[in-house]
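Work through the exercises below with the structure open beside you. Try each task before you read its solution.

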Amino acid sequence: MKTSIATVCLAGTLEEKMQACARAGFDGIEIFEQDLVVSPSSPAEIKALAERLNLSLDLYQPFRDLEGVTEEVFQDNLRRLEATFQLMQQLGMDLILVPSNVATATVDDDAVVAEQLHRAAELAARYDMRIAYEALAWGTYVNTYWHSWELVQSANHPNLGVCLDSFHILSKNDDPSLIPEIPGEKIFFVQLADAPELGMDLLPWSRHHRVFPGEGSFAMFEFMAYLTQTGYQGPLSLEIFNDVFRETDPDITAVDGLRSLRWIQQGARGLLAKEHPFRQILTPMPKVDPIEVIDHIEISTDVPDRCGALLGSLGFTFVGQHRRKTAQLFVCGDVKVVLTPNRAEGTFITSVAVQVANSADALARAEALGATPVSRPVTADEARLKGVLGPGGMQVFFIDDAAAAWPEEFGYDATNQDNTSSHVRLDHLNVPEARDHFGASVLFTRALLRLEPLPSQDVASPRGLVHSQVLQSPDAGIRWVFNQVPPTYTNRTGEPVRYPGHIALAVEDIETRAQAAIDAGLVVLPIASNYYADLHARFGIDHETLQRWQSLGILYDRNAEGEFLHVYSETIGGLFIELVQRIGDYQDYGPGNAAVRLAAQDHYEQHHRTKR
Ligand SMILES: O=C(O)c1ccc(O)c(O)c1
Ligand SMILES: [Mg+2]
């Protein structure tokens, strides 16, 4: 479908916003009145800029508080409307958005409102303009899409239709299943917005916390599928009022927005029967089979010896160095880690490689989601791994049969593996994301790998709130956690510190393994005694066990499904390693323990930093 985005979504001047939308590849934009009013460019200059950028100017908005008013107020509104039409003529635009009245409405009478809408449409017709009438969720008298549609029907004018905005419909749990009863040609415009569940009033929720489709908790695929059934063929537009977007580089936001429009169209295709006549209106995305296995993880480090020692203490075997490069391969059970030395950039996870049926399809899907391919120089006899750079800078590689032999370049021999580590698996992976990229990275990874989100959580660290989002594959073979780092993450003396990511290894005998690792030189993250006193209070665990756990740095949780024990290594730069043991059918991550960990890391950073 044709794609569009409201200028209100983006930071910058109107001109900068337009450039960013064009660069990202949008077909058109909605111009927000305020953006034009504050612009030094004349309407004619904006029109010319849009033409140069090959952007259509799809919708001018908003024209507020038109209807449901006394005749005297309405006369003044018509004068205002006419002036707006004249401005739109200079812009070369022909569609205006009229949201339902929230301020001046005094006449709660559908007959009067319909008649006023009709007269406004008559004026629009004289200027060859069209009006899209949108029910705002907090409109004084008109606040449901169905009511706006009834009014448009009674007004009965070819220059009047409705605008459907997913936020206003889904935020108040209105039933979207009646949308297919509206004929597609009477839907003049569609705005898509998602939002996280926040339990707050509609207006501030809408004005500050909208997010791109797929980044919130609304049933956006269903909404899109209902819309498609109307036969609507106009632009699919994004209208996101979001405080973070207003501070973010508009190029980042625009690319993220377009990705969400691809994602939602593919999702709606999945809900519509293959033979549905309107299904082909929706732009498809290259398909991938569900992905369940992380093949390997790459860590870039300026202290490869320290990282190697950390891995070694945890039971990893050093396989060898790449025959041509400085990278080193470490293996423990099913887990493969490649260490790539860097110069003074710190230690952090740089890439995640997943096993796919076909790497070309996965690459095509990633590119459709706005990612740029990355390639590494290889020689003719080496596996050429296909991969992309995700929005937050993480590289994702796709390993299919053709690339599966890559470990041999490190001298790896699969038949010659130590079997004491054979039941070690990757439990999860946790990566930090800057605030600007958090939503985009989550949506990108989710859409690319077909993962599903768990409910998000906020974790209190001593240096700010960390927003945490888990994505999981259907069989939980992949558990990928994103942590949104507080905007200024510092240590106690105010110096910025790299918020660490981590790799968690699933083991079946955590106490033995932790002890063996400590004996082999592992420094575990010390956990405060208060935590163990709390475990005693909450779970009644005996003091002897707790003492043993504290000496090993083990944290604990229990729920109806089972038990969870885990231990964290000390942090090297932006990385630490966790061991976890899941007992029974425990699927969680020890809620509450992440905050304990962040506080312990903060304390450790303060007290042991000078020793390193
Ligand atoms: O919050 C508002 O006022 C507002 C304005 C125009 C819209 O399209 C909308 O959805 C909300
Ligand atoms: Mg809207």
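## Exercise 1: A strand pair and its sheet

Task: Find the residue in β16 that stands opposite G387.

Solution. Start at G387. Its opposite number in β16 is F397. Helices (H or I, at least four residues) and strands (E, at least two) are DSSP runs, numbered from the N terminus.

β15 covers residues 386-389 and β16 covers residues 395-399. The two run antiparallel, and four bridges join them. Two strands pair if DSSP finds at least two bridges between them. Strands of a sheet pair through backbone hydrogen bonds, either parallel or antiparallel.

Now widen the view. The open sheet has eight strands, in the order β10-β11-β12-β9-β13-β16-β15-β14, and its pairing is mixed. From one strand to the next, the twist averages 25 degrees.

A note on the model: it is predicted, so local features need pLDDT of at least 70 and side-chain atom pairs count only at pLDDT 80 or more, while totals for chains, interfaces and linings use all residues. Residues are numbered from 1 along each chain as its sequence is written, and chains are lettered from A and ligands numbered from 1 in the order in which they are written.

## Exercise 2: Helices α10 and α13

Task: Describe how α10 and α13 pack, from angle to contacts.

Solution. Two packed helices are described by the angle between their axes and the distance between the axes.

Step one: angle and distance. α10 (residues 250-271) and α13 (residues 435-449) pack at about 30 degrees, with axes 10 Å apart. Axes are lines fitted to C-alpha atoms, for helices over the stretch in contact, and angles run from 0 to 180 degrees between N-to-C directions. So α10 is roughly parallel to α13. Angles under 35 degrees count as roughly parallel.

Step two: hand. The crossing of α10 and α13 is left-handed. A crossing is left-handed if the near helix is turned anticlockwise from the far one by less than a right angle, and right-handed if clockwise.

Step three: contacts. From α10 come I252, D256, R259, S260 and W263; from α13 come D436, G439, A440, L443, F444 and A447. Residues are in contact if their C-beta atoms, placed from the backbone, lie within 7 Å. By class, this contact of α10 with α13 has six nonpolar, two polar and three charged residues. Ala, Val, Leu, Ile, Met, Phe, Trp, Tyr, Cys and Pro count as nonpolar, Asp, Glu, Lys and Arg as charged, and the others, Gly among them, as polar.

## Exercise 3: α5 and two partners

Task: At what angle does α5 pack with α4, and at what angle does α5 cross α6?

Solution. Take α4 first. α4 (residues 71-91) and α5 (residues 110-126) pack at about 30 degrees, with axes 10 Å apart. The two are therefore roughly parallel. α4 passes α5 in a right-handed crossing. F74, L78, L81, E82 and F85 in α4 meet Q116, R119, A120, L123 and A124 in α5. The classes are seven nonpolar, one polar and two charged.

Then take α6 (residues 145-155). Its axis and that of α5 come within 8 Å and cross at roughly 65 degrees. This crossing is right-handed. D110, V113, A114, L117, H118 and A121 in α5 meet L151, S154 and A155 in α6. By class there are six nonpolar, two polar and one charged.

## Exercise 4: A loop with backbone details

Task: Which peptide bond is cis, with omega near -10 degrees?

Solution. Look at the bond from Q61 to P62. P62 sits in the loop between β3 (56-61) and α4. D65 lies in the loop between β3 and α4. D65 has a positive phi of about 55 degrees, although it is not a glycine.

Conventions:
Angles under 35 degrees count as roughly parallel, over 145 as roughly antiparallel, 65 to 115 as roughly perpendicular and the rest as oblique. Two residues are in contact if their C-beta atoms, placed from the backbone, lie within 7 Å.
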